[in-house]
Amino acid sequence: MSGGKETPRQKMIGMMYLVLTALLALNISKEVLNGFVKVENSLRTTQETLSAKINDTYTSLELKYHSNQEKVGPFFDEAQSIVNQSETLITFITKLKARCLATSEGDFDIQEPLDFEKYFGTDELGNDTVLNLKYISKKDEFQALTTYMMGSEPQRPKEGEWTANGLKIAIESYREYLTTIEVTDINGIKRTMPESTLKSLNERFSFENEMEDGQEVLWEAANFYDVPLAAVIPLMSKMIIDVQDAEEDALSWLLGGIEAKSLKFSEVMPLTIPQTSYVLRGDSLRATILLAAFDRTRVPQVYIDDKKWDGMDSTVLDYEGLGLTALPVDDKGQGMLTLPTKGMSLGDYSYKGLIRYQGPEGDMQSQPFFTPVVTVAEAALVVSPTKMNVFYRGVPNPVEVSVPGVPSDKLQVSISSGHKIKRQSDGTYVVEPSNSSSNKKATISVKGEMPDGSMSNLGNAEFRVKRIPDPIPFWAGKKPSNRTITKNEVISFAPLAAKMDNFDFDVQVRVKSFTIRLSKDGTFKELNSPNNKITSDMKALLNRVKRGNTIYFEDIIVGMPDGTERMVSSLKLKITS
């Protein structure tokens, strides 16, 4: 079964089953089993991370439901069912973990459960949890555990709810539930999960027989017969992560289904888009008027009443009536409105008009529209950052400063204490923010020389000061939003790169170290690189991957332009072919 999405602190997971094999073969003392405590704690941390992500996705669904219950209702109802089914299964596995702990410690008996409550409870967030493995004295116990979970015959596992077989049946039932989900949307369209998701679910929850010492054994026996408690507990934690992973996939699919595109529309809504709602006197008022649902083969006709609308009388004259002016319409059906403001008084303006369009039956229909309020005003200070609406530490931030009617060489530009601003040869400016994290704002002040030679304060503009966003890792053309990769892409052995994705500044960063974890046939392998390159050991490991294996790039350290280092998000890639 596949792993969770984010596990940066899981240092021991990659060696878990290798260590277990060595322990069973060499009879190493039980103190060594304490290493599995770290594995278990890392898995519990991953469960918390996935739980938070699931909560975020569910909250997004809930918000969309409250904003449009009719449209979102079918998706939200299914989401509630998924959450309930998942929580029920996770609680079952958690309680089974507690029973295993109590059984190995000698505190639990089928007929007389003793001290079970000390192994099972709830955390501060109300989630079901079990006693930490580090507090268990018999971490290497397997005889009582095998009897409880399996019975005495590995090829004939005992049946019942609280057994290895019962665990397998519960997870199989959950898999069948997820793979048969159907949602009928508001338009009567039946939606089912994509084939790739169904395939992933079947692979994640697979319980095929396994090979041990050249012999085929049942899944129950391979995982619970004569297996020490210290290995069983992380295994069941891993199962909880798989359930959470499947739950998140299903909820994300529902969330995406709400916004699925449709080729039909039932209503027509005129849309007026002013280029700006604040116009300097002497400039022109400009707006784009269009149909929200547009057919390129049916170009509409747009008319405007160029008299200022008082906001009271909403009656629009017929297109042939007096006072309406036809607007030019481009090939996209956009009516282009241009009203000169020369001679206008200062203040707010709005206009009304009419759109004529060909209806579904071929007849011409009319729809009135009203422009948003536009303010006509005198010249004012304009300070526009050319990259972002914030200043970033560690990089030069280009800024344009201008005041209509005042030449740029007549401006005096300054910035608040701790920051620096320099004028460039082309008349633009560069801001270098303070490196202090406590200095979170920068104020640009502008004075201008008037025609009579006097200096006038033209205003201030305040900006936020932030650190550069975290880079995003890239490997073989894949980034964190990607989930799959081919074997040919893997064996290209591309260096691990980091980029400032969707960041307008030209910032160069470099990966300084990273860790590869490989999930293969239920085992984990972990290798480290001291730079951005794939090591020879990594190449040897990656050469052996096959379809269905999962590669994790974690603990990725990136050097930033200001000399600091950051740990960035992880990559999880599953081999598809």
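Helix axes here are lines fitted to C-alpha atoms over the stretch in contact, and angles run from 0 to 180 degrees between N-to-C directions. Helices (H or I, at least four residues) and strands (E, at least two) are DSSP runs, numbered from the N terminus. Welcome to a predicted model, in which local features need pLDDT of at least 70, side-chain atom pairs count only at pLDDT 80 or more, and totals for chains, interfaces and linings use all residues. Residues are numbered from 1 along each chain as its sequence is written, and side-chain values use heavy atoms, leaving out hydrogens and water.

**View 1. Helices α5 and α6 pack at an angle of about 180°.** The axes of α5 (residues 164-179) and α6 (residues 195-204) lie 10 Å apart. The two are therefore roughly antiparallel (an angle over 145 degrees). Arg175, Leu178 and Thr179 of α5 meet Leu198, Leu201 and Asn202 of α6, with contact meaning heavy atoms within 4.5 Å.

**View 2. Leu167 belongs to the largest nonpolar core.** Such a core is a set of buried Ala, Val, Leu, Ile, Met, Phe, Trp, Tyr and Cys residues joined through side-chain atoms within 4.5 Å; buried means under 20% relative accessible area (1.4 Å probe, protein chains only). This core has 63 residues, and Ile93, Leu167, Phe224 and Met236 are those with the most contacts inside it. Among the residues that Leu167 touches are Phe92, Trp219 and Met239.

**View 3. Four strands form an open sheet with mixed pairing.** The order is β18-β24-β23-β20, and strands pair if DSSP finds at least two bridges between them. Strands β23 (residues 441-449) and β24 (residues 455-466) pair in the antiparallel sense over nine bridges. Look for Lys447 opposite Asn457 of β24.

How values were computed: Parallel < 35°, antiparallel > 145°, perpendicular 65-115°, else oblique. Buried < 20%, exposed > 50% of the residue type's maximum accessible area, 1.4 Å probe, protein only. Lists of a residue's contacts leave out its neighbours within four places in sequence.
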